[in-house]
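Please look at the sequence and the model first.

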Amino acid sequence: MRAIAIINQKGGVGKTTTAVNLSAALADLGQQVCLLDLDPQAHSTLHLGVAPDDGEGTIYHVLIGDTRLSEVRRQVTDNLAVIPSHLDLAAAEVELAGEVGREVILRDALADDPQDYDYLLIDCPPSLGLLTLNALAAVDEVYLPLQPHFLALHGLSKLLGTIELVGRRINHGLQLSGVILCMFESGTRLANEVSRDVDEFFAQDSNGDCPWANTRTFHTRIRRNIRLAEAPSFGESIMDYAPHSNGAHDYRLLAKEVMAQTSAIVGTTTTSRTRQFQTTR
Ligand SMILES: Nc1ncnc2c1ncn2[C@@H]1O[C@H](COP(=O)(O)OP(=O)(O)OP(=O)(O)O)[C@@H](O)[C@H]1O
Ligand SMILES: [Mg+2]
């Protein structure tokens, strides 16, 4: 299983849109996918048409130790399952503040879960709090969605510092393995400049052994597409809502790139922390 957290502490950059539609695209390509919604806003949950407060339990109940992942997981399509979130999850940060090992609760819950998937994607909240730390402790890889505007890289050092610290102290082998440019407006000078800045930024460290030494920007740019913004209100992924739209096309291409990346990674289980990434820029 490849476990990937989609993280950017900046709000509104395309984390949820990417988590949902990349999951759906991978599922459409025959992969078994589980999307874990770790954001109290529960946007991924709602986007996939699952009601967060239908009384069946959410990731909140798993984190506070009331239940197991298998009890709250919902099957959305044959290949796609979701572990829903709820506004209650906002309280978990406070409730778990005094708990020993609070950063690894999710990791342990996943380790106890007998269900295996090809991909586990985690949609994270726009913060670097306890929920995001739990995601970082539980995954092998991080994808960073960026919206190309002039502050796109602002705050990136804080995020990289957090990834580095979690990689050193809790989760050896954690890698920032991809940058996804979202809401891309290809004709604009700004979009192209930001995309070049991102490449240069990560190229500086490409020879080190830090978690972003092998980071690559995906070739696929997710273009701004109104269908992607409409789909959540219908409770459908873009693959169901508008399968012929540019949005569906872009996420399908991205899914293929993600799958091609898999073959470049040696040893892809959550328990194998010794893997080497052989992706090239
Ligand atoms: N490629 C796109 N084209 C058009 N609209 C988009 C695109 N990607 C995202 N959006 C819209 O932009 C808004 C923010 O996107 P999204 O919710 O995915 O960001 P986020 O990073 O998850 O936000 P938050 O930090 O609040 O969780 C949403 O209304 C979404 O529908
Ligand atoms: Mg979101």
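The lining of the largest pocket divides by class into 10 nonpolar, 9 polar and 4 charged residues. The model is a predicted one. In it, ligand 1 takes up the space of the largest pocket.

**Pocket**

- The volume of the largest pocket is about 450 Å³.
- Its lining is made up of 23 residues, of which Gly12, Gly14, Thr17, Met183 and Leu228 are the closest to the pocket centre.
- At least two lining residues come from each of α1, α2 (43-47) and α10.

**Shell around ligand 1**

- There are 18 residues around ligand 1, and those that come nearest are Lys15, Thr16, Thr17, Arg223 and Asn225.
- By class, the shell holds 6 nonpolar, 7 polar and 5 charged residues.
- α1 gives the largest share of the shell, with 3 residues.

**Polar contacts and cover**

- The backbone of Gly14 places a polar atom 3.1 Å from an oxygen atom of ligand 1.
- Lys15 contributes through its side chain, where a polar atom lies 2.8 Å from an oxygen atom of the ligand.
- A polar backbone atom of Asn225 is 2.8 Å from a nitrogen atom of ligand 1.
- On its own, ligand 1 has 620 Å² of accessible area, and the protein covers 80% of this.
- Two or more residues of the ligand shell come from each of the elements α1 (15-28) and α10 (226-230).

How values were computed: Residues are numbered from 1 along each chain as its sequence is written. Chains are lettered from A and ligands numbered from 1 in the order in which they are written. This is a predicted model: local features need pLDDT of at least 70, side-chain atom pairs count only at pLDDT 80 or more; totals for chains, interfaces and linings use all residues. Side-chain values use heavy atoms; hydrogens and water are left out. A residue is near a molecule or strand if one of its heavy atoms lies within 4 Å of it. A polar contact is a pair of N or O atoms within 3.5 Å; within protein, one must be able to donate a hydrogen and the other to accept it, and residues adjacent in sequence count only if both atoms are side-chain atoms. Accessible areas come from the Shrake-Rupley method with a 1.4 Å probe; for residues, only the protein chains shown count as cover. On a 1 Å grid over the protein atoms alone, a cavity is a set of points where a 1.4 Å probe fits but cannot get out, and a pocket is an open set with protein on both sides within 12 Å along at least five of seven lines; lining residues have an atom within 4 Å of a point. A molecule sits in a cavity or pocket if more than half of its atoms lie within 2 Å of its grid points. Helices (H or I, at least four residues) and strands (E, at least two) are DSSP runs, numbered from the N terminus. Ala, Val, Leu, Ile, Met, Phe, Trp, Tyr, Cys and Pro count as nonpolar, Asp, Glu, Lys and Arg as charged, and the others, Gly among them, as polar. Grid points are joined across faces, edges and corners, and a volume is the space filled by probe spheres set on the points.
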